[in-house]
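Q: Please show me the model, and let us read it together, one feature at a time.

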Amino acid sequence: MTIFEAMKARHSVRSYKKTPLDEAAIQTLQAEIDACNKESGLHIQLVTKEPKAFDSLMAHYGKFSGVRNYIALIGKKDATLDEKLGYYGERLVLLAQTLGLNTCWVAMTFGKGAAKSHLSIAPGEKLVCVLALGYGTTQGVAHKSKPMDSLCQTSSPVPEWFQRGMEAAMLAPTAMNQQKFLFSLTGNTVTAKSLGGFYSKVDLGIVKYHFEVGAGKENFNWAG
Ligand SMILES: Cc1cc2nc3c(=O)[nH]c(=O)nc-3n(C[C@H](O)[C@H](O)[C@H](O)COP(=O)(O)O)c2cc1C
(Lines give C-alpha, C1' and ligand atoms only; values in the text may rest on other atoms or scores of the structure.)
Protein backbone atom coordinates (compact mmCIF):
# COMPACT_ATOMS: atom_id res chain seq x y z
CA MET A 1 0.00 0.00 0.00
CA THR A 2 1.40 3.40 -0.97
CA ILE A 3 1.04 6.49 1.25
CA PHE A 4 -1.50 7.81 -1.28
CA GLU A 5 -3.59 4.62 -0.96
CA ALA A 6 -3.20 4.83 2.82
CA MET A 7 -4.84 8.29 2.81
CA LYS A 8 -7.94 6.79 1.19
CA ALA A 9 -8.01 3.67 3.38
CA ARG A 10 -7.46 5.54 6.69
CA HIS A 11 -10.41 6.30 8.96
CA SER A 12 -10.45 6.80 12.72
CA VAL A 13 -10.80 3.48 14.55
CA ARG A 14 -11.70 3.46 18.26
CA SER A 15 -12.10 -0.27 18.96
CA TYR A 16 -9.12 -2.62 18.81
CA LYS A 17 -8.34 -6.36 18.94
CA LYS A 18 -6.10 -7.80 21.67
CA THR A 19 -3.45 -8.82 19.11
CA PRO A 20 -0.05 -7.34 20.11
CA LEU A 21 1.74 -5.23 17.51
CA ASP A 22 3.88 -7.15 15.06
CA GLU A 23 7.58 -6.81 16.02
CA ALA A 24 8.63 -5.76 12.50
CA ALA A 25 5.89 -3.08 12.48
CA ILE A 26 7.15 -1.77 15.85
CA GLN A 27 10.68 -1.50 14.45
CA THR A 28 9.53 0.29 11.30
CA LEU A 29 7.43 2.75 13.31
CA GLN A 30 10.24 3.36 15.81
CA ALA A 31 12.69 4.06 12.97
CA GLU A 32 10.25 6.59 11.46
CA ILE A 33 9.64 8.20 14.88
CA ASP A 34 13.42 8.55 15.29
CA ALA A 35 13.65 10.11 11.81
CA CYS A 36 10.79 12.55 12.55
CA ASN A 37 12.34 13.56 15.90
CA LYS A 38 15.73 14.10 14.29
CA GLU A 39 14.29 16.20 11.47
CA SER A 40 11.97 18.31 13.65
CA GLY A 41 13.43 18.41 17.16
CA LEU A 42 10.18 16.90 18.49
CA HIS A 43 10.11 14.24 21.24
CA ILE A 44 7.52 11.76 19.86
CA GLN A 45 7.36 8.46 21.77
CA LEU A 46 5.87 5.01 21.08
CA VAL A 47 4.24 3.19 24.00
CA THR A 48 3.21 -0.47 23.59
CA LYS A 49 1.30 -2.93 25.82
CA GLU A 50 -0.01 -0.12 28.05
CA PRO A 51 -3.80 -0.29 28.59
CA LYS A 52 -4.13 2.36 31.37
CA ALA A 53 -4.24 5.54 29.26
CA PHE A 54 -7.39 4.26 27.56
CA ASP A 55 -8.96 2.74 30.64
CA SER A 56 -10.33 6.02 31.98
CA LEU A 57 -13.90 7.28 32.12
CA MET A 58 -13.00 9.83 29.43
CA ALA A 59 -11.78 7.08 27.08
CA HIS A 60 -14.95 5.04 27.55
CA TYR A 61 -17.02 8.17 27.06
CA GLY A 62 -15.07 8.66 23.81
CA LYS A 63 -16.07 5.10 22.85
CA PHE A 64 -12.53 3.72 22.87
CA SER A 65 -11.98 0.05 23.63
CA GLY A 66 -9.00 -2.28 23.57
CA VAL A 67 -6.37 0.47 23.08
CA ARG A 68 -3.04 -0.90 24.35
CA ASN A 69 -0.60 1.01 22.16
CA TYR A 70 -0.22 4.67 21.36
CA ILE A 71 2.17 7.25 19.97
CA ALA A 72 2.54 10.29 22.23
CA LEU A 73 3.02 13.59 20.40
CA ILE A 74 5.37 15.69 22.52
CA GLY A 75 7.63 18.66 21.87
CA LYS A 76 9.00 21.94 23.19
CA LYS A 77 6.26 24.47 23.91
CA ASP A 78 6.35 27.22 21.30
CA ALA A 79 4.12 28.82 18.68
CA THR A 80 4.97 26.19 16.05
CA LEU A 81 4.49 23.07 18.22
CA ASP A 82 0.89 22.16 17.31
CA GLU A 83 1.36 22.46 13.56
CA LYS A 84 4.62 20.50 13.65
CA LEU A 85 3.03 17.69 15.67
CA GLY A 86 0.13 17.60 13.22
CA TYR A 87 2.49 17.27 10.27
CA TYR A 88 4.78 14.60 11.73
CA GLY A 89 1.95 12.80 13.55
CA GLU A 90 0.07 12.32 10.28
CA ARG A 91 3.24 11.05 8.60
CA LEU A 92 3.25 8.32 11.30
CA VAL A 93 -0.50 7.68 10.98
CA LEU A 94 -0.19 7.02 7.25
CA LEU A 95 2.89 4.84 7.69
CA ALA A 96 0.96 2.81 10.33
CA GLN A 97 -1.87 2.34 7.81
CA THR A 98 0.57 0.91 5.24
CA LEU A 99 1.72 -1.57 7.92
CA GLY A 100 -1.85 -2.89 8.34
CA LEU A 101 -2.49 -0.93 11.53
CA ASN A 102 -5.35 1.40 12.43
CA THR A 103 -5.16 4.67 14.33
CA CYS A 104 -7.13 7.53 15.84
CA TRP A 105 -5.93 11.02 16.73
CA VAL A 106 -6.93 11.74 20.35
CA ALA A 107 -6.66 15.12 22.04
CA MET A 108 -9.33 14.83 24.74
CA THR A 109 -10.70 11.37 25.36
CA PHE A 110 -7.77 9.61 27.02
CA GLY A 111 -6.19 9.59 30.48
CA LYS A 112 -3.43 12.18 30.21
CA GLY A 113 -2.11 11.49 33.71
CA ALA A 114 -1.89 7.73 33.10
CA ALA A 115 -0.17 8.29 29.76
CA LYS A 116 2.33 10.74 31.28
CA SER A 117 3.53 8.13 33.78
CA HIS A 118 4.80 6.08 30.80
CA LEU A 119 6.45 8.99 29.00
CA SER A 120 9.53 11.11 29.42
CA ILE A 121 8.52 14.74 29.18
CA ALA A 122 11.40 17.17 29.71
CA PRO A 123 10.93 20.59 31.35
CA GLY A 124 9.46 22.99 28.77
CA GLU A 125 7.92 20.15 26.75
CA LYS A 126 4.21 19.44 26.33
CA LEU A 127 2.13 16.36 25.51
CA VAL A 128 -0.39 17.65 22.96
CA CYS A 129 -2.17 14.54 21.62
CA VAL A 130 -1.80 10.80 21.29
CA LEU A 131 -2.41 8.49 18.35
CA ALA A 132 -4.24 5.31 19.38
CA LEU A 133 -2.64 2.41 17.51
CA GLY A 134 -3.44 -1.26 16.85
CA TYR A 135 -5.42 -3.76 14.82
CA GLY A 136 -8.95 -2.41 14.58
CA THR A 137 -12.09 -4.51 14.99
CA THR A 138 -13.27 -2.53 11.92
CA GLN A 139 -11.58 -0.27 9.35
CA GLY A 140 -13.77 2.73 10.32
CA VAL A 141 -15.89 4.78 7.92
CA ALA A 142 -15.13 7.70 5.63
CA HIS A 143 -15.95 11.12 7.09
CA LYS A 144 -18.27 13.59 5.35
CA SER A 145 -16.28 16.39 3.75
CA LYS A 146 -17.09 20.00 3.02
CA PRO A 147 -17.09 20.65 -0.75
CA MET A 148 -13.70 21.44 -2.26
CA ASP A 149 -14.65 24.96 -3.33
CA SER A 150 -15.36 25.94 0.27
CA LEU A 151 -11.88 24.74 1.34
CA CYS A 152 -9.81 26.65 -1.22
CA GLN A 153 -9.58 29.91 -3.16
CA THR A 154 -8.19 29.75 -6.66
CA SER A 155 -8.55 31.45 -9.96
CA SER A 156 -9.14 29.11 -12.87
CA PRO A 157 -7.68 27.15 -14.52
CA VAL A 158 -6.62 25.13 -11.46
CA PRO A 159 -3.50 23.01 -12.06
CA GLU A 160 -4.02 19.27 -11.81
CA TRP A 161 -1.49 18.96 -8.96
CA PHE A 162 -3.45 21.52 -6.89
CA GLN A 163 -6.66 19.55 -7.45
CA ARG A 164 -4.90 16.33 -6.31
CA GLY A 165 -3.53 18.16 -3.27
CA MET A 166 -7.01 19.36 -2.32
CA GLU A 167 -8.49 15.87 -2.76
CA ALA A 168 -5.82 14.58 -0.37
CA ALA A 169 -6.45 17.42 2.14
CA MET A 170 -10.17 16.58 2.15
CA LEU A 171 -9.31 13.01 3.27
CA ALA A 172 -7.34 14.30 6.27
CA PRO A 173 -8.58 13.82 9.83
CA THR A 174 -9.42 17.05 11.68
CA ALA A 175 -10.62 17.52 15.27
CA MET A 176 -14.38 16.81 15.38
CA ASN A 177 -14.18 16.74 11.57
CA GLN A 178 -14.27 20.55 11.64
CA GLN A 179 -12.17 21.08 8.45
CA LYS A 180 -11.48 24.71 9.42
CA PHE A 181 -8.76 25.35 6.86
CA LEU A 182 -8.37 27.28 3.65
CA PHE A 183 -5.86 26.74 0.85
CA SER A 184 -5.09 29.37 -1.75
CA LEU A 185 -2.89 29.46 -4.81
CA THR A 186 -0.86 32.28 -6.34
CA GLY A 187 1.41 31.20 -9.20
CA ASN A 188 3.24 28.18 -7.78
CA THR A 189 2.87 29.28 -4.20
CA VAL A 190 0.35 27.64 -1.90
CA THR A 191 -0.89 29.26 1.31
CA ALA A 192 -2.64 27.11 3.92
CA LYS A 193 -4.44 28.90 6.72
CA SER A 194 -6.18 27.70 9.85
CA LEU A 195 -9.54 29.36 10.42
CA GLY A 196 -9.44 28.88 14.17
CA GLY A 197 -11.26 26.42 16.40
CA PHE A 198 -10.40 23.51 18.61
CA TYR A 199 -6.89 22.10 17.90
CA SER A 200 -6.98 23.76 14.49
CA LYS A 201 -3.21 24.34 14.40
CA VAL A 202 -2.71 20.58 14.76
CA ASP A 203 -5.29 20.13 11.99
CA LEU A 204 -3.33 22.57 9.81
CA GLY A 205 -0.17 20.45 10.05
CA ILE A 206 -2.17 17.31 9.22
CA VAL A 207 -3.83 18.80 6.13
CA LYS A 208 -0.54 20.28 4.91
CA TYR A 209 1.06 16.83 5.04
CA HIS A 210 -1.85 15.35 3.06
CA PHE A 211 -1.66 18.19 0.53
CA GLU A 212 2.08 17.57 -0.03
CA VAL A 213 1.51 13.85 -0.60
CA GLY A 214 -1.37 14.51 -3.01
CA ALA A 215 0.13 17.43 -4.94
CA GLY A 216 3.75 16.29 -5.00
CA LYS A 217 6.27 18.52 -3.17
CA GLU A 218 8.15 19.16 -6.42
CA ASN A 219 5.17 21.01 -7.95
CA PHE A 220 4.84 23.96 -5.56
CA ASN A 221 6.24 26.06 -2.71
CA TRP A 222 4.60 26.86 0.60
CA ALA A 223 4.11 30.57 1.26
CA GLY A 224 6.21 32.03 4.06
C1 LIG B 1 -6.31 17.02 16.45
C2 LIG B 1 -7.38 15.96 16.56
C3 LIG B 1 -7.90 15.63 17.80
C4 LIG B 1 -8.88 14.62 17.93
N5 LIG B 1 -9.35 14.28 19.18
C6 LIG B 1 -10.25 13.27 19.32
C7 LIG B 1 -10.70 12.87 20.62
O8 LIG B 1 -10.32 13.43 21.65
N9 LIG B 1 -11.58 11.84 20.70
C10 LIG B 1 -12.04 11.18 19.59
O11 LIG B 1 -12.83 10.24 19.74
N12 LIG B 1 -11.63 11.54 18.32
C13 LIG B 1 -10.75 12.56 18.17
N14 LIG B 1 -10.29 12.92 16.91
C15 LIG B 1 -10.74 12.18 15.70
C16 LIG B 1 -11.72 13.00 14.84
O17 LIG B 1 -12.99 13.02 15.43
C18 LIG B 1 -11.76 12.40 13.42
O19 LIG B 1 -10.48 12.46 12.85
C20 LIG B 1 -12.75 13.15 12.50
O21 LIG B 1 -14.07 12.95 12.95
C22 LIG B 1 -12.63 12.69 11.04
O23 LIG B 1 -12.86 11.30 10.91
P24 LIG B 1 -11.78 10.33 10.29
O25 LIG B 1 -10.52 10.43 11.12
O26 LIG B 1 -12.41 8.95 10.37
O27 LIG B 1 -11.51 10.74 8.89
C28 LIG B 1 -9.34 13.94 16.77
C29 LIG B 1 -8.80 14.29 15.51
C30 LIG B 1 -7.82 15.28 15.40
C31 LIG B 1 -7.25 15.58 14.05
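Q: Which classes of residue make up the shell around the ligand?
A: The shell comprises twelve nonpolar, eight polar and two charged residues. Here Ala, Val, Leu, Ile, Met, Phe, Trp, Tyr, Cys and Pro count as nonpolar, Asp, Glu, Lys and Arg as charged, and the others, Gly among them, as polar. Please note that this is a predicted model, in which local features need pLDDT of at least 70 and side-chain atom pairs count only at pLDDT 80 or more, while totals for chains, interfaces and linings use all residues. Residues are numbered from 1 along each chain as its sequence is written.

Q: How many residues surround the ligand, and which are the closest?
A: A residue is near a molecule if its C-beta atom, placed from the backbone, lies within 6 Å of it. The ligand is surrounded by 22 residues, of which S12, W105, M108, P173 and N177 are the closest. Domain 1 (3-134) and domain 2 (148-217) each contribute at least three residues to the shell; these bounds come from an automatic or database domain assignment. Strand β3 (102-106) and helix α7 (200-215) each give at least two. Helices (H or I, at least four residues) and strands (E, at least two) are DSSP runs, numbered from the N terminus.

Q: In what order do the strands of the sheet with β3 stand?
A: Strands of a sheet pair through backbone hydrogen bonds, either parallel or antiparallel. In this model, β1-β2-β4-β3 is the order of an open, four-stranded sheet with antiparallel pairing, where pairing requires at least two DSSP bridges between two strands. Since β1 (45-47) and β3 are at the edges with a single partner strand each, one side of each is left without a neighbour in the sheet.

Q: Which residues are bridge partners in β4?
A: Strand β2 (residues 69-76) joins β4 through eight antiparallel bridges, and I74 has L127 as its partner there.

Q: Why is β4 largely enclosed?
A: A residue is buried if 20 or more other C-beta atoms, placed from the backbone, lie within 10 Å of its own. Strand β4 (residues 125-134) has seven buried residues out of ten, so the rest of the structure largely encloses it.

Q: What is the order of the sheet with mixed pairing?
A: Its four strands form an open sheet ordered β5-β6-β7-β8. The edge strands β5 (152-153) and β8 (221-222) each pair on one side only. Strand β7 (residues 189-194) runs parallel to β8, joined by two bridges, and T189 stands opposite N221 in β8.

How values were computed
A residue is buried if 20 or more other C-beta atoms lie within 10 Å of its own, exposed if 12 or fewer, and partly exposed in between; C-beta atoms are placed from the backbone.
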